Amino acid sequence: MANQSSSSSYPILCASFNQDSSCFAIGTKNGFKVFDSNTGRLCYEGVIGAFAIVEMLFSSSLLAIVGAGEEPSLSPRRLCLFNTTSGTALRELNFLTSILAVHMNRKRLVVILQDKTYVYDINSLAILDTIDTVSNIKGLCAFSPSLDGCYLALPASISKGSVLLYNVMDLHLHCEIDAHRAPLAAIALSSNGTYIATASEQGTIIRVHLVSEATKSYSFRRGTYPSTIFSLSFAPSMQLPDILVGTSSSGSVHAFSLGFSNYQRSKRSGTFLGSIIPDSVTDALDPAYHDVLHNVAPAGVKSYAVIRKVEKVADTSTSEIVACRATISIITYNGYFQEYNLSINNQNEFLWSLEREFRLLNVILDEAVSL
């Protein structure tokens with residue numbers, strides 16, 4: 001997902017969670033802020049101008065920051081690797097065109113431009129590869145930070161919803177997936193690079209593919225009417241993620257049950273209907289695996305949701321998993337942080353509860369907290 005806001009009328013210009021969602025960062029017209037996701041405490045603040053990209057490397061002191069171009073010293077063509085402990089720039093990389101997205105893990109730094117993507121060794125900043133891409137004016141991409149399944153997803157076409165998957169560690173193209181008829185609007189990879197979720201500019205269908213085999217695993221109907229999908233995010237998991245969430249221009253958050261839908265599939269396959277209707281068709285039409293939380297943000301306001309953690313609930317008498325509980329954090333670009341608990345039982349019943357909400361720009365720096 002490109003993390004930059006399409007409108008400068010809102011106080012937040014960009015938002016991103018770090019690789020394990022333990023922290024998040026925002027860029028504003030005045031600078032950038034880093035927060036602890038668990039407590040909401042402001043850990044670092046740099047008041048040095050407008051920023052369009054702020055990316056963290058796990059919970060370290062290293063940030064990748066890119067200015068919004070509102071002043072000459074903060075060019076959108078300059079990437080700065082910034083140390084929050086010393087408050088100084090470590091290195092700078094300059095490009096011929098604007099930087100649209102940046103991703104990092106402990107071995108790689110990836111920089112997305114409109115028609116090129118650069119892969120660097122993060123320690124030496126030696127350039128490892130240059131990938132020529134189709135025109136990607138929104139900087140649309142997804143990145144899995146795992147060193148074992150470290151994939152970068154990029155649009156493969158400007159006319160249809162196909163996606164390229166590139167192995168950033170081995171430096172080779174893995175596959176191309178034709179996911180939608182319309183051009184892509186959102187992409188997300190699971191943290192270990194096993195699954196990829198996509199949405200097109202129509203925004204009515206969300207598809208999930210297994211990366212290793214480039215095969216479709218799920219198709220979910222988000223809604224009947226078109227809507228812009230702002231973000232997609234998998235739950236953290238070493239196997240199949242239990243939940244996928246997405247935010248849209250309607251101001252809603254959509255949750256799709258993956259783990260329990262698989263359980264329901266196994267039950268349905270024993271029925272006559274399940275034996276004659278393919279999974280891809282029934283999943284697209286069956287709303288049982290999907291729930292919507294309305295009015296999270298005003299319609300049209302960009303929002304970004306991640307699933308920070310998931311807990312399984314077992315029946316004490318049978319040890320069967322009967323429910324899962326997810327912690328979902330949401331940043332809205334009009335300046336709010338919200339956190340919900342979502343419970344899903346094995347009947348695919350969804351229950352949302354708001355746990356906390358606060359205005360991001362009102363939080364004052366606690367000088368005792370540092371990264």
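Which residues does UniProt list for "transmembrane region"? The unreviewed entry gives residues 47-68. The model examined here is predicted. In it, residues 47-68 are 0% helix and 55% strand.

## Salt bridges

The whole structure contains 7 salt bridges.

| Pair | N to O distance |
|---|---|
| Lysine 33 and glutamate 45 | 2.9 Å |
| Lysine 160 and aspartate 178 | 3.6 Å |
| Glutamate 339 and arginine 356 | 3.2 Å |

**Lysine 33 and glutamate 45.** The closest N and O atoms of this salt bridge are 2.9 Å apart. Lysine 33 belongs to strand β3 (residues 32-36) and glutamate 45 to strand β4 (residues 42-46), so the contact ties together parts 12 residues apart in sequence. How accessible is lysine 33, buried or exposed? Lysine 33 is buried, at a relative accessible area of 7%. Glutamate 45 is partly exposed, at 30%.

**Lysine 160 and aspartate 178.** Here the side chains meet at 3.6 Å, N to O. This pair links distant parts of the chain, 18 residues apart. Lysine 160 sits in the loop between β14 (151-155) and β15 (161-167). Aspartate 178 sits in strand β16 (residues 172-180). Lysine 160 is partly exposed, with a relative accessible area of 34%. Aspartate 178 counts as exposed, at 52% relative accessibility.

**Glutamate 339 and arginine 356.** These side chains form a salt bridge at 3.2 Å, N to O.

## A network

Which residues are linked with Glu339 and Arg356 in a network of salt bridges? Arg308 joins them, and the network links Arg308, Glu339 and Arg356.

Methods:
Residues are numbered from 1 along each chain as its sequence is written. This is a predicted model: local features need pLDDT of at least 70, side-chain atom pairs count only at pLDDT 80 or more; totals for chains, interfaces and linings use all residues. Side-chain values use heavy atoms; hydrogens and water are left out. UniProt positions are given in the numbering used here, feature names are shortened, and annotations may be inferred rather than shown by experiment. Helices (H or I, at least four residues) and strands (E, at least two) are DSSP runs, numbered from the N terminus. A salt bridge is a side-chain nitrogen of Lys or Arg within 4 Å of a carboxyl oxygen of Asp or Glu. Buried means under 20% relative accessible area, exposed over 50%, partly exposed in between (1.4 Å probe, protein chains only).
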